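Please look at the sequence and the structure before reading the points below.

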Amino acid sequence: MKPKTPVHQKDPIDAKPGDSKDVEQTALTISSGEIAAAEISEGTREERIERLKRMKADLEARMTGKEGDELAPLRDEIDRALARLNAPEAL
């Protein structure tokens, strides 16, 4: 049996992207360290690019909320990592 969520708390499953709690959780989940780890992981170049693109899509889905501007630096960091991986010398 699923425990009841107190009335004053939202069930995290029901949280909408862009909600202030969602932004806080996202900021903690995707960090600069995780972005760097994805960029230099052991996967193929294509796998690393795909992982970074998924991270960026996740961030952008949450940037529609009023706190979305706080996530812009992480999105920009992902863009820089993607640019480095797509650079001719990365091939």
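The points below cover the overall fold, the helix contacts and the salt bridges.

This is a predicted model, in which local features need pLDDT of at least 70 and side-chain atom pairs count only at pLDDT 80 or more, whereas totals for chains, interfaces and linings use all residues. Residues are numbered from 1 along each chain as its sequence is written, and side-chain values use heavy atoms, with hydrogens and water left out.

**Overall fold**

- The protein contains four helices and zero strands; helices (H or I, at least four residues) and strands (E, at least two) are DSSP runs, numbered from the N terminus.
- Along the sequence, the pattern reads α-α-α-α.
- Of the 91 residues in the protein, 32% are buried; buried means under 20% relative accessible area, exposed means over 50%, and partly exposed lies in between (1.4 Å probe, protein chains only).
- Contact means heavy atoms within 4.5 Å. Among contacts between residues at least 6 apart in sequence, 58% join residues at least 24 apart.

**Helix 2 and helix 3**

- The axes of helix 2 (residues 32-40) and helix 3 (residues 45-62) come within 8 Å and cross at roughly 155°. Axes are lines fitted to C-alpha atoms, for helices over the stretch in contact, and angles run from 0 to 180 degrees between N-to-C directions.
- This crossing angle makes helix 2 roughly antiparallel to helix 3; the term applies to angles over 145 degrees, while those under 35 count as roughly parallel, 65 to 115 as roughly perpendicular and the rest as oblique.
- From helix 2, Glu 34, Ile 35, Ala 38, Glu 39 and Ile 40 meet Arg 48, Arg 51, Leu 52 and Met 55 of helix 3.
- The residues of this contact comprise five nonpolar, no polar and four charged. Ala, Val, Leu, Ile, Met, Phe, Trp, Tyr, Cys and Pro count as nonpolar, Asp, Glu, Lys and Arg as charged, and the others, Gly among them, as polar.

**Helix 3 and helix 4**

- The axes of helix 3 and helix 4 come within 10 Å and cross at roughly 160°, which makes helix 3 roughly antiparallel to helix 4.
- Helix 3 passes helix 4 in a left-handed crossing.
- The contact of helix 3 with helix 4 involves nine nonpolar residues, one polar and seven charged.

**Salt bridges**

- Side chains of opposite charge can pair when their charged atoms come close.
- The count comes to six salt bridges, each defined as a side-chain nitrogen of Lys or Arg within 4 Å of a carboxyl oxygen of Asp or Glu.
- Arg 84 and Glu 39 form one of them, at 2.8 Å from N to O. The pair links distant parts of the chain, 45 residues apart, with Arg 84 in helix 4 (residues 72-86) and Glu 39 in helix 2.
- Arg 84 is partly exposed at 45% relative accessibility, whereas Glu 39 is buried at 13%.
- Leaving aside neighbours within four places in sequence, Glu 39 is in contact with Arg 48, Leu 52, Ala 81, Arg 84 and Leu 85.
- Glu 46 forms a salt bridge with Arg 45, with the closest N and O atoms 3.2 Å apart; Glu 46 is exposed at 52%, and Arg 45 is buried at 19%.

Technical notes:
Left-handed = near helix turned anticlockwise from the far one by under 90°.
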